[in-house]
Amino acid sequence: MPQISRGFHGRRSEASSDRLPPGQHLVDDFPVLSAGPTPHTPLAEWTFTIEGGAEPASWTWEEFQALPSEEITTDIHCVTKWSKLDTAWRGVSLDTLLALVEHDADYLLAFCDGGYTTNLPLEHVTDGKAWIAYDYDGEPLEPEHGGPARMLVPHLYFWKSAKWIRGFRLQDEDEPGFWESNGYHILGDPWLEQRYWGD
Amino acid sequence: MTGALEETPRVRTLLLDAEGWPGHRPGQHLDVRLTAEDGYQAERSYSIASAPGEPLSITVERLEDGEVSPYLVDEAREGDGFEVRGPIGGYFVWEDDGRPVFLVGGGSGVVPLMAMIRSSPGSTPIRLLYSSRTLEDVIYREELDARAGHGLEVFHTLTREQPSGWTGYSRRIDNDLLREIAWPASDDPQVFVCGSTRFVDAAADGLVALGYDPLSIKTERFGATGG
Amino acid sequence: MAEERRLDGNAIGGVMIELFGVEMTTVPGSCGNCGAHEQMAETDVYLDAPGIVVRCRHCQNVLIRIVRGNGRTWLDLSGLSSLELPL
């Protein structure tokens, strides 16, 4: 039993909400988590690519902006135990993107500038559950929060919402990504507290 | 924790009595782990400020968005206990071999350098270049003044605000400043640089530009956020 | 701001002692991508991700990933081609 540090509570808010999954606490700021240097890809060089379909599909930044977009207001839950309520985004639904690609895959592996990857079952990113987001709080998404564009899958732990996303590959099998291959849960449902392998 | 010393409005030295402490070498750090009543834990690293053989102490700067440092600077008091792990580190450690020593510290990056100064027998020439924002932010100011002259030369630079009549430097560390103060590379000095990532990168790059062997420059970076 | 999140291998000396049982900051390792040979202190370290990420200072290749949770540690060394540990 470790020694209790008198008067130590951490930086956690006392506030609670029935919108908080187990083990989470609320934050008002937007913490930045970094596993590497922040990429700064010029928009002129940015593309979004879907591999693994009948034909590869790719969009430039301008083409991507021309796709129908949606406004999303949602709660987000980081596996490092902070949650943030009512975050406001704009982005392109994966339903919109996947309707443009002929495929019979069950999974995707997202890839990003900087080398990060994360895996998702398609049933968890379709029917209005996931977006490629490029605005946050009415402004272009800042690089430190994943701009120019990041995945947004708010019903799963936020490591699935890959920053600096550049596309994904459609696959028949669930291939573990950067964190899923070294301890973190293959799916990551915060309401089931699926943090680590075996949870 | 057996005592505390307020160094500046944001910085405090904590005296520790660590059971079974095996002793340390100048430049090493230790990890502090705090545990809340519900089991929540947070852990951070702090440089050891004391010389080997002196009562163990760490010097901690309060980071405004921090989790552990505000507790250590503002909340912890004599008689409180917390877990420490250490000593840690073998790279950023001074072994006195008689070669001149050049210490470059930014803000609380001076702490492990102070452990080196405090452990020096005085026979090895040491120069300290110490960058602070304002005079009020200078840690160990009186002790450095008192120790200067006995083999130790101290050069302050204040980057944000200088008192009237200030005779030290008044700018961020740059190559010209390093050239004025650093030992010539031909003297084969040992170099220790500690501070924020940006500070350490600037100082190390500047010294390499002056002809220092990169292998002679030991660097340690600490985060400006999260502590 | 993000650059200030990049630390160096000194920052994980304590974690590494727990995992390897020896002082690791002076232990040389070779990058499996570019072959650079550096002491562990001379790596780029990111602490505030969901785990600890250690990268090669020369090519940014991920050398080490450390995830701790539920009383376990996951340690991925696949980005290193060698570590020269003291006997």
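Two strands pair if DSSP finds at least two bridges between them. That rule is needed for much of what follows. The model is predicted.

**Chain A as a whole**

Chain A holds two helices and 11 strands. From the N terminus on, they run β-β-β-α-β-β-α-β-β-β-β-β-β. The radius of gyration of chain A is 17 Å, close to the 16 Å that the globule rule gives for 199 residues, so chain A is as compact as a globular protein of that length. Its C-alpha atoms fill a box of roughly 60 × 35 × 30 Å along the principal axes. Of the 199 residues in chain A, 37% are buried. Take the contacts in chain A with a separation of 6 or more: 63% of them join residues 24 or more positions apart.

**Strand β5 and its partners**

Which strands pair with β5(A)? Among them are β1, β4 and β8. The table sets out these pairings.

| Partner of β5(A), residues 82-93 | Sense | Bridges |
|---|---|---|
| β1(A), residues 25-26 | parallel | two |
| β4(A), residues 70-77 | antiparallel | seven |
| β8(A), residues 131-136 | antiparallel | five |

A:Leu26 has A:Ser83 in β5(A) as its bridge partner. A:Glu70 stands opposite A:Gly91 in β5(A). A:Gly91 also has a bridge partner in β8(A), namely A:Ala133. β4(A) and β5(A) form a hairpin with four residues between the strands. In that hairpin, A:Lys81 takes a positive phi near 90°.

**Where chain A meets chain C**

Chain A also touches a neighbour. Here 17 residues of chain A are in contact with 18 residues of chain C. On the chain A side, nine of the residues are nonpolar, six are polar and two are charged.

**A helix in chain B**

Helix α5 of chain B covers residues 197-209. Its 13 residues reach 18 Å from the first C-alpha to the last, close to the 18 Å expected at 1.5 Å a residue. Which residues of α5(B) are buried? They are B:Phe199, B:Val200, B:Ala202, B:Ala203, B:Gly206 and B:Leu207. These residues cover an arc of only 165° around the axis, so they lie on the same side of α5(B). An α-helix has 3.6 residues a turn, so residues three or four places apart point the same way.

What covers the buried residues of α5(B)? The cover includes β7, β8, α4, β10 and β11 of chain B. After the helix comes B:Gly211, with a positive phi near 100°.

Notes:
Residues are numbered from 1 along each chain as its sequence is written. Chains are lettered from A and ligands numbered from 1 in the order in which they are written. This is a predicted model: local features need pLDDT of at least 70, side-chain atom pairs count only at pLDDT 80 or more; totals for chains, interfaces and linings use all residues. Two residues are in contact if their C-beta atoms, placed from the backbone, lie within 7 Å. Ala, Val, Leu, Ile, Met, Phe, Trp, Tyr, Cys and Pro count as nonpolar, Asp, Glu, Lys and Arg as charged, and the others, Gly among them, as polar. The radius of gyration is taken over C-alpha atoms; the globule rule is 2.2 Å times the number of residues to the power 0.38. A residue is buried if 20 or more other C-beta atoms lie within 10 Å of its own, exposed if 12 or fewer, and partly exposed in between; C-beta atoms are placed from the backbone. The expected span of a helix is 1.5 Å times one less than its number of residues. The arc is that of the directions from the helix axis to the C-beta atoms.
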